[in-house]
Amino acid sequence: MFALVDCNNFYASCERVFRPDLIGKPIVVLSNNDGCIIARSNEAKALKIPMGAPAYQYEKIFTENNVQVFSANFVLYGDMSSRVMNILSSYSPDIEIYSIDEAFLKLNGFEKFNLQTYGQEIQRRVTKWTGIPVSVGIAPTKALAKVANRIAKKYPEKTKSVYLIDSEEKRIKSLKWLKIEDVWGIGRQHAKKLNAIKVNTAYDFTQLDDSWVRKNMAIVGLRLKQDLQGIPVLDLEELQAKKNIAVTRSFEKNYTELEQLKERVTTFSISCAEKLRKQKSCCNSMMVFIHTNEHRNDLAQYSRNIVVELPYPTNSNIELANFAIQALEKIFKKGYSYKKAGVIVMAFSPESKTQFKIFENSNPKHIPLMETIDKINASFGQQKVKLGNQDLNKVWKMKQEKLSPRYSTNLNEIITINV
Amino acid sequence: MKQSKKNSTTSLEIFSISSETALELPIVSSGINAGFPSPAADFTDLSIDLNKYLVKNASATFYGRVKGESMKDAGIDNGDLLIIDKSLEPIDGKIAVCYIDGEFTIKRIKLEKNICWLLAANEKYKPIKVTPDNDFLIWGIITHVIKSF
């Protein structure tokens with residue numbers, strides 16, 4: 001059996017833990033730079049505020065309905081997520097953290113427990129200990145656990161936020177209830193195709209011919225079908241290191257100078273380097289790109305990317321920043337207003353298996369240096385130690401006008417209690 | 001660690017500070033014993049970890065800063081740092097971070113039959129009776145107060 005534990009409206013719930021006055025009120029959370037809506041509370045969903053919409057288009061609706069708007073506070077969300085995951089890991093030795101706010105638990109060998117009660121205990125404990133409400137779906141397969149979770153979330157009163165699919169009857173009833181486009185792993189394209197042949201529910205999908213599914217949806221579709229039929233084929237995925245890491249941003253305003261872009265690209269490559277070090281990888285290849293604003297027809301357009309093969313694998317801030325700047329200088333053209341840039345690192349090799357080359361090598365002195373920088377940045381806040389060509393104050397600052405305090409990770413920002 | 005005290009020739013124990021993120025104070029267990037190997041030598045890397053002492057359940061522990069005087073007789077003063085454990089049950093007599101009608105506050109919980117009272121620790125403040133009309137939530141239980149001098 002598998003359990004899928006999913007936090008309800010996670011980002012909004014994180015804000016509410018420290019602002020109980022916002023319980024029951026509409027909340028939206030905006031992306032980096034306060035651009036788009038990336039999370040909504042149920043109340044905001046009820047106002048028909050769509051996911052991903054540009055925030056400025058909804059300013060009127062926000063004020064009219066007293067919607068609380070927050071800049072994404074990823075420090076807070078990350079900390080609350082790790083608290084939730086820590087608690088969950090005490091409920092099963094096999095846990096797959098599927099995203100920041102959901103995890104699969106493998107419950108093999110738990111058959112002697114009453115799984116309904118077990119699910120209730122997980123639900124109650126996480127909600128009480130962290131203040132984040134969660135829903136739990138338990139079923140024989142991962143895909144069915146997803147379905148069960150959806151039911152628990154949709155009917156919190158009836159299910160007490162826990163739903164267990166433990167009989168053929170419940171499985172069929174659940175699948176008949178679930179629309180095909182809401183099935184985990186069915187994209188918009190496939191949903192359209194399935195609707196066209198009158199497959200409207202998850203149940204209809206499980207009645208399809210294997211050969212049709214294989215032909216039209218490949219092996220992934222077939223596996224999903226079997227999983228929904230109650231035959232476990234999707235297992236927990238071991239934590240996989242990412243195969244490429246991208247750091248890209250749109251700028252608040254247009255940049256025309258090489259120096260401004262250099263600063264951005266340096267910062268992006270350092271962010272990539274930090275992520276590489278976290279997963280103990282080095283990269284062998286890097287892409288840098290710059291774009292003008294494609295929505296501004298009145299401005300001259302230019303967009304260009306360049307992939308550079310690195311002479312040696314590295315995850316050093318200094319080396320990656322140097323390569324990124326060299327790459328940028330190759331593609332930069334004067335006379336354009338740039339709106340977006342990015343650095344993507346690729347072709348990873350493990351830190352430990354780095355092959356030494358005869359003439360050119362990553363500077364071994366950078367390894368302890370980077371460790372020190374990481375330590376300092378970890379204890380004194382992000383980006384306290386920077387390279388010389390990174391000057392955030394001079395050129396760029398992320399727009400985060402509605403950022404909540406880092407209540408759970410920074411002593412200067414904890415809740416103040418009037419006594 | 002009892003052994004180390006018994007064998008120690010000085011009554012003074014020395015604690016030094018490690019600068020890891022967890023504030024650990026390693027115990028130098030054998031004092032200034034010359035020649036005699038301390039039976040506690042194997043334990044030299046045991047240390048006092050204030051985190052371990054103050055934080056029993058890290059996933060459920062949060063911090064808060066006190067502003068105000070209503071709990072001064074319970075030793076909770078303006079500016080103190082609170083350690084709050086959300087996992088603990090609100091039992092009679094515990095001091096809790098409560099949320100009542102739009103605001104956080106700290107009070108001692110007094111439970112009578114079906115009635116919850118919030119008691120201040122300062123004679124100037126009257127007990128609050130929580131009724132179903134209040135928007136009320138017990139947010140967490142205070143386990144420690146840290147004062148700086």
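Biologist: What describes the way in which helix H6 (residues 142-154) and helix H11 (residues 210-228) of chain A pack?

Modeller: In this predicted model, H6 and H11 of chain A pack at an angle of about 65°, and their axes lie 7 Å apart. The axes are lines fitted to C-alpha atoms over the stretch in contact, with angles running from 0 to 180 degrees between N-to-C directions, while helices (H or I, at least four residues) and strands (E, at least two) are DSSP runs numbered from the N terminus. Residues are numbered from 1 along each chain as its sequence is written, and chains are lettered from A and ligands numbered from 1 in the order in which they are written. Local features need pLDDT of at least 70 and side-chain atom pairs pLDDT 80 or more, whereas totals for chains, interfaces and linings use all residues, and side-chain values use heavy atoms, without hydrogens and water.

Biologist: Is the crossing of H6(A) and H11(A) left-handed or right-handed, and which residues make the contact?

Modeller: The crossing is right-handed, a name used when the near helix is turned clockwise from the far one by less than a right angle. From H6(A) the contact (heavy atoms within 4.5 Å) involves A:Lys142, A:Ala143, A:Leu144 and A:Val147, and from H11(A) it involves A:Leu224, A:Asp227 and A:Leu228. These residues divide into five nonpolar, no polar and two charged, because Ala, Val, Leu, Ile, Met, Phe, Trp, Tyr, Cys and Pro count as nonpolar, Asp, Glu, Lys and Arg as charged, and the others, Gly among them, as polar.

Biologist: What makes A:Asp210 and A:Lys225 a salt bridge?

Modeller: The closest N and O atoms of A:Asp210 and A:Lys225 are 2.5 Å apart, and a salt bridge requires a side-chain nitrogen of Lys or Arg within 4 Å of a carboxyl oxygen of Asp or Glu, so the pair qualifies. The structure holds 20 salt bridges over all chains, and A:Glu259, A:Lys262 and A:Glu329 are linked in a network of them.

Biologist: How do you know whether B:Asp73 is buried or exposed?

Modeller: B:Asp73 has 56% relative accessibility, so it counts as exposed. Its salt-bridge partner is B:Lys72, with the closest N and O atoms 3.4 Å apart, and B:Lys72, at 36%, counts as partly exposed.

Biologist: Which residues touch the most other members of the largest nonpolar core?

Modeller: A nonpolar core is a set of buried Ala, Val, Leu, Ile, Met, Phe, Trp, Tyr and Cys residues joined through side-chain atoms within 4.5 Å. Of the 57 residues in the largest one, those touching the most other members include A:Phe18, A:Met80 and B:Trp139. The largest share of this core, seven residues, comes from helix H4 (residues 74-89) of chain A. Leaving aside residues up to four places away in sequence, A:Met80 touches several residues, among them A:Phe10, A:Phe18 and B:Phe62.

Biologist: What is said of the phi of A:Asn9, and where does A:Asn9 lie?

Modeller: A:Asn9 has a positive phi of about 40° although it is not a glycine, and it lies in the loop between strand E1 (2-7) and helix H1 (10-18) of chain A. At 17% relative accessibility, A:Asn9 therefore counts as buried.

Definitions and conventions:
Buried < 20%, exposed > 50% of the residue type's maximum accessible area, 1.4 Å probe, protein only.
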